[in-house]
Each structure stands twice: as C-alpha cells, then as structure tokens.
Amino acid sequence: MSREREAHRFITRNNARVEPPASVKGGADPLFCVAFVTVRREADDYFDPSIGSLLVGLDPRERRTLHLRILFADTDPKRHPSWGQIWVDRLADVAESYNVTASQLEHLKKLETERNYYEKGVL
C-alpha cells in the first residue's frame, strides 16, 4: 500500500497546474522502452498508479535510460480519464492514440462495439 500511495502522490504532484520539480524524460539512447496500452475501464483504474509506480523514485540518470510510450487504445481517446491530463505530457516520452486511416478507424470502432478485444488488440 505504501508504494501505491507514493505512486498516487507522484501523479497528483505532476498533474498540478503549478510547475512541479523539473521533469526528466527519456534520453536520446535509452536502454529500456516501456509501453503501456490503456483503455477506459468501468471499475478499477490502475493505469495512473502503474505509471507513477514505474517512475517515482528514479533519479534523472535512471529516467533518461527509460523511454515511456503510452497508447490510448479507445477509438475516442477523450473517453479515457487520463487523456489530456497534465501529467501525461510531463511524464511520457510519447503519448498517442490510433494513427490509422478512416476505414481502419471504422473497423476498430466496430470491433470495440462488438467487444471483440482479441482482434482489436492485435491491431
């Protein structure tokens, strides 16, 4: 529980409108690439604390060795509670949604409506 509290505090601090301590991002030649794919969930939302837990306590040198990439996998990313949050811009090296053609997006929406997450996950 203490790590979870640390993670929540870290995200909250980095989501404040005031400037937090200097944010460090991944360097030009990171050793690790960590990718999170997230969708809006109805019940538990463990995404924010997962990112916080990954990053809290890293010193600048350690943070530069890690490239953090986030894919918001809802066809309408604005539905996700973390989309557009200040902390995402401050902490992620790349945060994006689908970059697909209109027909591919329509297909993804159909899969989402049908709850065909297996096929959607492959795409």
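Helix α1 (residues 2–14) and helix α2 (residues 47–55) pack with their axes 8 Å apart and at an angle of about 95 degrees, and they are therefore roughly perpendicular to each other, a term for angles of 65 to 115 degrees. This is a predicted model, in which local features need pLDDT of at least 70 and side-chain atom pairs count only at pLDDT 80 or more, while totals for chains, interfaces and linings use all residues. Residues are numbered from 1 along each chain as its sequence is written, and side-chain values use heavy atoms, with hydrogens and water left out.

The contact (heavy atoms within 4.5 Å) is made by R3, A7, H8, F10 and I11 of α1 together with D48, P49, I51, G52, S53 and L55 of α2. By class, six of these residues are nonpolar, three polar and two charged.

Across the whole structure, a search finds four aromatic pairs, meaning rings of Phe, Tyr and Trp (its six-membered ring) whose centres lie within 6.5 Å, and planes over 60 degrees apart count as edge-to-face.

| Pair | Centre to centre | Angle between planes | Class |
|---|---|---|---|
| F36 and F47 | 6.2 Å | 75 degrees | edge-to-face |
| F47 and F72 | 5.9 Å | 70 degrees | edge-to-face |

Both link distant parts of the chain: F36 in strand β1 (residues 32–38) lies 11 residues from F47 in helix α2, and F72 in strand β2 (residues 66–72) lies 25 residues from F47. F47 is buried (under 20% relative accessible area) at 5%, and F72 is buried at 1%. Ring pairs link F36, F47, F72, W83 and W87 into a cluster.

Note on methods. Axes fitted to C-alpha atoms, helices over the stretch in contact; angles between N-to-C directions. Helix = DSSP H or I, 4+ residues; strand = E, 2+ residues; numbered from the N terminus. Parallel < 35°, antiparallel > 145°, perpendicular 65-115°, else oblique. Nonpolar A, V, L, I, M, F, W, Y, C, P; charged D, E, K, R; others polar. Phe/Tyr/Trp six-rings, centres within 6.5 Å; stacked < 30°, edge-to-face > 60°. Buried < 20%, exposed > 50% of the residue type's maximum accessible area, 1.4 Å probe, protein only.
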